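Subject: Structure handover and findings

Hello,

Please find the structure below. My notes on it follow.

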Number of protein chains: 2
Amino acid sequence: MKTEWVAVDWGTSNLRAWGIDADGETTFSAASSLGMGKLTPDAFPGVLRDVLAPELSADAHADVLICGMAGARQGWMEAPYLDAPADLGGLAFGAVSPPMPGSQLRPRILPGVCQKLAGAEDVMRGEETQILGLSAILPGFGGIAVLPGTHSKWVAINGRRIERFATVMTGELFEVLRTHSVLRLSLNGDLNGEERDAGFEAGLGAGIEAPEKLAATLFKVRTGALLSNRQPAWCAAFLSGLLIGAEIGGQRDWIEADRGEIPLVGSAQLCALYARGLKRLGIESRVIDATAATLAGLKAARQNLS
Amino acid sequence: MKTEWVAVDWGTSNLRAWGIDADGETTFSAASSLGMGKLTPDAFPGVLRDVLAPELSADAHADVLICGMAGARQGWMEAPYLDAPADLGGLAFGAVSPPMPGSQLRPRILPGVCQKLAGAEDVMRGEETQILGLSAILPGFGGIAVLPGTHSKWVAINGRRIERFATVMTGELFEVLRTHSVLRLSLNGDLNGEERDAGFEAGLGAGIEAPEKLAATLFKVRTGALLSNRQPAWCAAFLSGLLIGAEIGGQRDWIEADRGEIPLVGSAQLCALYARGLKRLGIESRVIDATAATLAGLKAARQNLS
């Protein structure tokens, strides 16, 4: 198996790379914790070389197709956004080629997608590649896809076309509240067992039911501990359920306009939590592994280049 | 003017004390940054003594009536909550008397108020004293009062009676998002001028209009900077307006059920921002200084004791 090109997902906190042969099979995979957030622009070439060194000879010729935050303004080289509505069939044509001195590697960084619609301004970098991958995994799919995470993306798709999208800061809210707010006092403990399940369901219901009261219901994490003797596992799961529930409840206008099966692109564990929430509204979902979607997207983008 | 007793507001982050004479006039005021959050239970007597030492002789006899977090479980001595609905005329009867060895000071700590209603569990400590003060400042007032702050309180009042209340974590959300989230990248800058005003109004409108989309609209702080070249002052004010707007929008059921003038108890600056939001819904408000309410409340509680 000869590596023909290299697929790279270079995010804020880490990077992953896969060697791909002429048949589209993976020849190797590699990873590093040197995400965009830890690097100055001039550091990227060396990191890429180091990550690939165990797998490729120093004089190897290879295209390297990169998606994610490496293309942000503060990344390696800015890859200007495509404007939504956007046809992802043209994603690769917007790629930029950062210099890679003294190497036969030819890196190209895919653009993100922005939405300039007044009042709905939004951006994504990396998720557009997963959406392109999704369109390859589910050919002809049209409807809503959800990519849960630090900054969840809700995307209205028609084949390879992104019609519109919205970011919900659910994962980041969970992290900052869990770590820095008064709620942290109620959360020290493990996350397993029945308590966790009961807390998650209670939070999920409260969030879906009344997303407009999120900032009030958050305080129930604290009062659960103070008044109802709720255990840390219950409180942490309530917080998680509440935030996911409020995300789903807040997107109810999107859901009601579609009501089709929703692909969830992300980790199996996180997607399962979203599936429980959607189920409460009578919406079916199916989980698409995030890495599979990213790889399928990079392969599809590469095909458009050749 | 002879100090007859001492009124103390002992919160999480600081404490303030006022000497009061027989006519209810203030004989001195003192303050310390040694709030409950920085003290172990055994440290409270020494701090109280030190704060009052410049004003009272070491052998002075005086009652010291305390409200706030000094009465929390992790404070000086726990003053068990009154249950809402609660008549604040009885607030002083729930006070606890912590020991003050080797001193003629007789401290008493007022209780907070809790609400055990399923799904609406809530707590306050300190605000109940401001509500009691409000009932003295606006005799016979019935309706909704709002106490904006780190943990804003919405309180349905009938004279001295708290019918029900709800906490909204607006101020704390502002702080943790401003300090610890990705939004911080868009906020470094001053908060003055026209940019600030425009950003606040934009956020306020978005929050009131669609409080259920708070976690999504938060991301507009970031995209405002990335896509629309919004300045840090605009972004910070948008965040503030959005959170206040979402608080008001999320409490719309309370507001619509009442529609009367709303007393706002807090700092003049913060209350003015809430007044702008309420005005958008056609609701009048009036500002009551937080310190005046606290002092009036401590005096009213003291009267009930004597």
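In which sense, left-handed or right-handed, does α6(B) pass α7(B)? The crossing of α6(B) with α7(B) is right-handed; a crossing counts as left-handed if the near helix is turned anticlockwise from the far one by less than a right angle, and as right-handed if clockwise.

Before the rest, some conventions. This is a predicted model, in which local features need pLDDT of at least 70, side-chain atom pairs count only at pLDDT 80 or more, and totals for chains, interfaces and linings use all residues. Residues are numbered from 1 along each chain as its sequence is written, while chains are lettered from A and ligands numbered from 1 in the order in which they are written. Helices (H or I, at least four residues) and strands (E, at least two) are DSSP runs, numbered from the N terminus.

The helix pair in chain B

The axes of α6(B) and α7(B) cross at roughly 160 degrees and come within 9 Å. Axes here are lines fitted to C-alpha atoms, for helices over the stretch in contact, and angles run from 0 to 180 degrees between N-to-C directions. The two helices α6(B) and α7(B) are therefore roughly antiparallel to each other; angles under 35 degrees count as roughly parallel, over 145 as roughly antiparallel, 65 to 115 as roughly perpendicular and the rest as oblique. On the α6(B) side the contact is made by B:K220, B:V221, B:G224 and B:A225, and on the α7(B) side by B:W234, B:C235, B:F238 and B:L239. Two residues are in contact if their C-beta atoms, placed from the backbone, lie within 7 Å. The residues of this contact of α6(B) with α7(B) are six nonpolar, one polar and one charged. In these classes, Ala, Val, Leu, Ile, Met, Phe, Trp, Tyr, Cys and Pro count as nonpolar, Asp, Glu, Lys and Arg as charged, and the others, Gly among them, as polar.

Helix packing in chain A

In chain A, helix α6 (residues 220–228) and helix α7 (residues 232–250) pack at an angle of about 160 degrees, with axes 9 Å apart. That makes α6(A) roughly antiparallel to α7(A). Their crossing is right-handed.

Helix α7(A) also packs on helix α9 (residues 268–280) of chain A, at an angle of about 50 degrees and with the axes 10 Å apart. That angle makes α7(A) oblique to α9(A). The crossing of α7(A) and α9(A) is right-handed. From α7(A) the contact uses A:I244, A:G245 and A:I248, and from α9(A) it uses A:L273, A:Y274, A:G277 and A:L278. Five of these residues are nonpolar and two are polar, with no charged residues.

The two chains

Chain B can be laid on chain A by a turn of 180 degrees and a shift of 0.0 Å along the axis, with an RMSD of 0.0 Å. Copies are superposed by least squares on the C-alpha atoms of residues with pLDDT of at least 70 in both. The two copies are thus related as by a two-fold rotation axis. Of the residues of chain B, B:E212 comes closest to that axis, with its C-alpha at 1.8 Å.

Between the chains, 36 residues of chain B are in contact with 36 residues of chain A. The largest share of the chain B side, six residues, comes from α3(B). By class, that side divides into 18 nonpolar, ten polar and eight charged residues.

The two domains of chain A

The domain assignment gives domain 1 (1–117) and domain 2 (126–306) in chain A; such bounds come from an automatic or database domain assignment. The C-alpha centres of domain 1 and domain 2 of chain A lie 27 Å apart. Their contact takes 22 residues from domain 1 and 21 residues from domain 2. On the domain 1 side, β1(A) gives the largest share, three residues. That side of domain 1 has 14 nonpolar, six polar and two charged residues.

Backbone details

A cis peptide bond, with omega about 0 degrees, joins A:A84 and A:P85. A:P85 is placed in the loop between β5 (82–83) and β6 of chain A. In chain B, a cis peptide bond joins B:A84 and B:P85, also with omega about 0 degrees.

A:R259 is not a glycine, yet has a positive phi of about 60 degrees. A:R259 lies in the loop between α8 (252–258) and β13 (262–266) of chain A.

Regards
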